[in-house]
There are 4 protein chains.
Amino acid sequence: MKKEDPAKKYFDPKVTDRERAIFEGGITLGAIYHQFIGIPITPNKKIVSLIEKTIKEAMKLQPYKKDVQVKININKLRKPAKNMPYSYETLKGEHLDVTVKTCYGKAKATLRMRYIPKLKYTLMYVEKVSP
Amino acid sequence: MKKEDPAKKYFDPKVTDRERAIFEGGITLGAIYHQFIGIPITPNKKIVSLIEKTIKEAMKLQPYKKDVQVKININKLRKPAKNMPYSYETLKGEHLDVTVKTCYGKAKATLRMRYIPKLKYTLMYVEKVSP
Amino acid sequence: MKKEDPAKKYFDPKVTDRERAIFEGGITLGAIYHQFIGIPITPNKKIVSLIEKTIKEAMKLQPYKKDVQVKININKLRKPAKNMPYSYETLKGEHLDVTVKTCYGKAKATLRMRYIPKLKYTLMYVEKVSP
Amino acid sequence: MKKEDPAKKYFDPKVTDRERAIFEGGITLGAIYHQFIGIPITPNKKIVSLIEKTIKEAMKLQPYKKDVQVKININKLRKPAKNMPYSYETLKGEHLDVTVKTCYGKAKATLRMRYIPKLKYTLMYVEKVSP
């Protein structure tokens, strides 16, 4: 951080840099799911890529993000029938594979959200944390 | 319409093409507000343009849309302070100026959503309908 | 209407009361889908009923609503496994059966949103309009 | 935990119970903001209380939540003018004061989201963590 964190005083002083990096990533994963689920989508590369980029660029604005990578699984999206106006679908958790990299002080965390078939659940987890 | 509308039978048969064009536009305006409000944003042209394009392309997938135009008022967005991680804001109705053009049978409608200072309200209205 | 509509002047003067009633209902259906999809939910009657009531009461605040009825199909919701923290799901269009009644001037409209298996689509339609 | 966590294997093994408790709370705060912002609301006690309860009960379904408390600041909500259909507003971050208590293994965390006037920002922070 180039500048002191003006929000630090609101946190329990026991919170470590690593915990903070993990916290900031958790916020962003929860935010992505609940902000973007529901957007109309088809397996059209232009639209898929636009939505991926928008999620990436918008969510990188949240504090202490180093990077956000968004992959929408185009194979899971229903192909629209020709001239059939009701055959698009809406974005769901199981379409998403998101990686958020955060950085706070000397700590770094990589957070992930993706659908885990075995759990039947779009899991958000801490893929890597350091030091 | 190149093909018969497979949903027509669910509608009250009294519904005219003009009413249907207006209905489809109302859905899209309500959807845009409640889907996209809350996205992190700054007055950065790249981000603003990405969000505009994503709203446009995603919402054009909804039935009977001829066009969707989205303008985010960049002047109303708070400028982030340098190195200040908490100075972006989130998209609000008052930032948006949206025009939706729909077409059903021989009817066309132009629907609009924009903030009306006099009403202190983000109004959705039928700007033009024909024939 | 007890009072003149302060937004009427923004509408194309050709718009009829019936069209307006339909428009206001379309907005609310689009809004409901895109606002509430994604809420965590289980087939617990207390939670289902709370979400139904919240959608109803919040959306009745939108202009020209006479009534909003919301039914979440509890049978379509996944039963959570005991002590299994990842077994709830999130609200989807196919869980919802919504009826919106609007009224503008002398016109009344009943709008509906429900999943139509034959279309594989959560359809929004005008169930009834009068006069 | 009465049962083993079936998602634990996806996490970096270095993640401590305290970090996990903090992570799960961050997810829920990010989710609450981006799911519920935009709901129509007025300073009517019945509606405010319904929305508070729905956020609480729905978000408690997310993993490892011990409690969720939601307070909407009724004094910050615009009073609707009589017979004026456009005078409600929509829920914003600055209306919310949310406390999330999480628990993972032997660790407990209290997470908070509230508007901080000095930062002009709806801050999410770790209020308390133990041991």
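Predicted model: local features only at pLDDT ≥ 70, side-chain atom pairs only at ≥ 80, totals over all residues.
The contact between chain A and chain D involves 37 residues of chain A and 37 residues of chain D. The size of an interface is often given as the accessible area lost when the parts come together. Between chain A and chain D that buried area is about 3100 Å², with carbon and sulfur atoms giving 63% of it. On the chain A side, the residues that lose the most area to chain D are A:Tyr10, A:Phe23 and A:His34, which together account for 22% of what that side buries.

Polar and charged interactions also cross this interface, where 12 residue pairs are in polar contact, both members being at pLDDT 80 or more, and where the count of salt bridges is 2. One of these salt bridges joins A:Glu19 to D:Arg18, and the closest N and O atoms of that pair are 2.7 Å apart. The elements of chain A that each supply at least two residues to the side touching chain D are helix H1 (17-36), strand E5 (107-116) and strand E6 (121-130). H1(A) provides the largest share of that side, namely 11 residues. Sorted by class, the side of chain A that touches chain D consists of 21 nonpolar, 7 polar and 9 charged residues.

A:Asp12 sits in the segment before H1 of chain A, and, leaving aside its neighbours within four places in sequence, A:Asp12 is in contact with D:Val126, D:Glu127, D:Lys128 and D:Val129. Although A:Asp12 is buried, it has no salt bridge, and the nearest side chain of opposite charge, that of A:Lys14, is 5.0 Å away. What the side chain of A:Asp12 does reach is the backbone nitrogen of A:Lys14, at 2.8 Å.

Within chain B, two buried residues can be followed in turn. B:Thr102 belongs to strand E4 (residues 96-104) of chain B, and it counts as buried because its relative accessibility is 1%. A polar atom of the side chain of B:Thr102 lies 2.8 Å from the backbone oxygen of B:Ala21. Beyond its neighbours within four places in sequence, B:Thr102 has contacts that include B:Ile22, B:Glu24, B:Tyr64, B:Lys66, B:Ala107 and B:Leu111.

B:His95 lies in the loop between strand E3 (89-90) and E4 of chain B, and B:His95 likewise counts as buried because its relative accessibility is 3%. Neighbours within four places in sequence aside, B:His95 is in contact with B:Lys71, B:Ile72, B:Asn73, B:Lys76, B:Leu77, B:Glu89 and B:Thr90. The C-alpha atom of B:His95 is separated by 9.6 Å from that of B:Ile37, a residue 58 residues apart from it along the chain.

Conventions. Residues numbered from 1 in each chain as written. Chains lettered and ligands numbered in written order. Heavy atoms only, no water. Contact = heavy atoms within 4.5 Å. Buried area = accessible area lost by both parts, 1.4 Å probe. Salt bridge = Lys/Arg side-chain N within 4 Å of Asp/Glu carboxyl O. Polar contact = N/O pair within 3.5 Å; in protein donor to acceptor, adjacent residues only side chain to side chain. Helix = DSSP H or I, 4+ residues; strand = E, 2+ residues; numbered from the N terminus. Nonpolar A, V, L, I, M, F, W, Y, C, P; charged D, E, K, R; others polar. Buried < 20%, exposed > 50% of the residue type's maximum accessible area, 1.4 Å probe, protein only. Lys, Arg positive; Asp, Glu negative; His and termini not counted.
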